[in-house]
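Open the model in your viewer and follow the stops below in order.

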Amino acid sequence: MIGLTLDAPHAMPNWFLKLLGLNAVNAICHFQLVPTGEEEEQGDDREMDEEYDVIVLGTGLKECILSGLLSVDGLKVLHMDRNDYYGGESTSLNLVQLWKRFRGSDTPPATLGSFRDYNVDMIPKFIMANGVLVRVLIHTDVTKYLSFKAVDGSFVYNKGKVHKVPATDMEALKSPLMGLFEKRRARKFFIYVQDYNESDPKTHDGMDLTKVTSKELIGKFGLDANTVDFIGHALALHRDDHYLSEPALDTVKRIKLYSESLARFQGGSPYIYPLYGLGELPQAFARLSAVYGGTYMLNKPECKVEFDEEGKVVGVTSEGETAKCKKVVCDASYLPGKVRKVGKVARAIAIMSHPIPNTNDSHSVQIILPQKQLGRKSDMYLFCCSYTHNVAPKGKFIAFVSTEAETDNPDTELKPGIDLLGPVDEIFFETYDRFEPVNEPSADNCFISTSYDATTHFESTVDDVLKMYTLITGKALDLNVDLSAASAAEE
């Protein structure tokens, strides 16, 4: 394994100027951070009748990140879960667990390989290599518990075909996503985005991007509808077309993030993914919380939140014992009376014996199907990972197709994405409701996370975590970290 030290964020790579340039590297990314060794992990042997600053209910990724952050801040944290495992909705399942959940049986076919070699994420999402989650990982030192591997490719569905989002000069020249003249117009747009500096009006070209809409900004460069689709959904990662009528600053920042992430690990995509899947992440943050004094209790039934006469939280009761607290952090399932349904996600999980066709035999890949390409109101996402990330036996691939449900027939609704997969060994369908909080945290001291959306990347998830952290603590999380603390190793 060859260590490669990474520099701080790069300027936009050449491919944005030649329309879209870096050599692909098949890299495992390790974050080398030295633990202090001053704290020791603590178990869950404390009494329930103690008083805590915060009680966290549920061990989903959002709750575990917050538990870790609050423990590092010096708060006294009790973390409870009604389940006997970590992860909540974002857990990872082996093949027997997957079979039991979807088939009601403990005996999957032997042809699928060893059940222990499967780590199937229930909420699969790639991590933007230069994104906020990586900053949180470095800020908290959680990276010492994890190893990541670069994702092979990022693709977009356009005019009925799958196209790679170019990652090298040669790919850009050959890409059929745009014609020659359109590439010239797009080049001017990407130069503007690269040069844009929010604090330097000379780079604004007379436009206030807090007022100018994305549609107006893109329109200035005369880009056609397919290019707008590509930029808005495959690069800026917007989930629908609402962004077009919103201030353009957010879109410009998103494109910059995509570019910096692509440059960071010099792979074929801007994404990284943990070895053994995302199930490692909640456990890593749980361990962080324990290192800083947090107490964990799994398999705690009921977990009833208690309130005083004024409606403020005072504690949590389980098995006849009540732990007192000042604040509660939880997912929607623990306080169903304080949330509302805002949507539903439809998804398919497929086990395959081959990569997704037309993705250059990529062993890990994201494909975005923009809403307009399908005549839908929201995008569809394909996620694929394989044995190269240690989530399946050798020769097996795990693919997910997900979207915001617009009907009650997920198998029919997901067909455009499923058709791109090719032959599948097994496929499972599922829908789940999405909830968001409707309470006023300043009134009841309850901080409830929103449900996970259909996207196959973590940006919206971490946004929710950061907003919750600020509401809980009254301060913004300082993420001015040294990104060069990360290093990659070639296989």
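**Stop one: a helix pair**

The crossing of helices H7 and H8 is left-handed, meaning that the near helix is turned anticlockwise from the far one by less than a right angle. The model is predicted: local features need pLDDT of at least 70, side-chain atom pairs count only at pLDDT 80 or more, and totals for chains, interfaces and linings use all residues. Residues are numbered from 1 along each chain as its sequence is written, and side-chain values use heavy atoms, without hydrogens and water.

Select residues 225-235 for H7 and 249-265 for H8; they pack at about 70 degrees, with axes 9 Å apart. That makes H7 roughly perpendicular to H8 (65 to 115 degrees). Next, show Ile-231, Ala-234 and Leu-235 of H7, which meet Arg-254, Ile-255 and Tyr-258 of H8 (contact: heavy atoms within 4.5 Å). This contact divides into five nonpolar residues, no polar and one charged.

**Stop two: the cores**

Select Phe-189, Leu-209, Leu-217, Leu-281 and Phe-285, the residues with the most contacts inside the largest nonpolar core, which has 101 residues. Such a core is a set of buried (under 20% relative accessible area) Ala, Val, Leu, Ile, Met, Phe, Trp, Tyr and Cys residues joined through side-chain atoms within 4.5 Å. Apart from it lies another core of 22 residues, including Val-365 and Leu-420.

**Stop three: a loop residue**

Go to Val-391, in the loop between strands E18 (380-386) and E19 (397-404). Is Val-391 buried or exposed? Val-391 is buried, at 3% relative accessible area. Its contacts beyond four places in sequence include Asp-117, Tyr-273 and Ile-398. Finally, select Leu-275: its C-alpha atom is 7.5 Å from that of Val-391, although 116 residues separate them along the chain.

Note on methods:
Axes fitted to C-alpha atoms, helices over the stretch in contact; angles between N-to-C directions. Helix = DSSP H or I, 4+ residues; strand = E, 2+ residues; numbered from the N terminus. Parallel < 35°, antiparallel > 145°, perpendicular 65-115°, else oblique. Nonpolar A, V, L, I, M, F, W, Y, C, P; charged D, E, K, R; others polar. Buried < 20%, exposed > 50% of the residue type's maximum accessible area, 1.4 Å probe, protein only.
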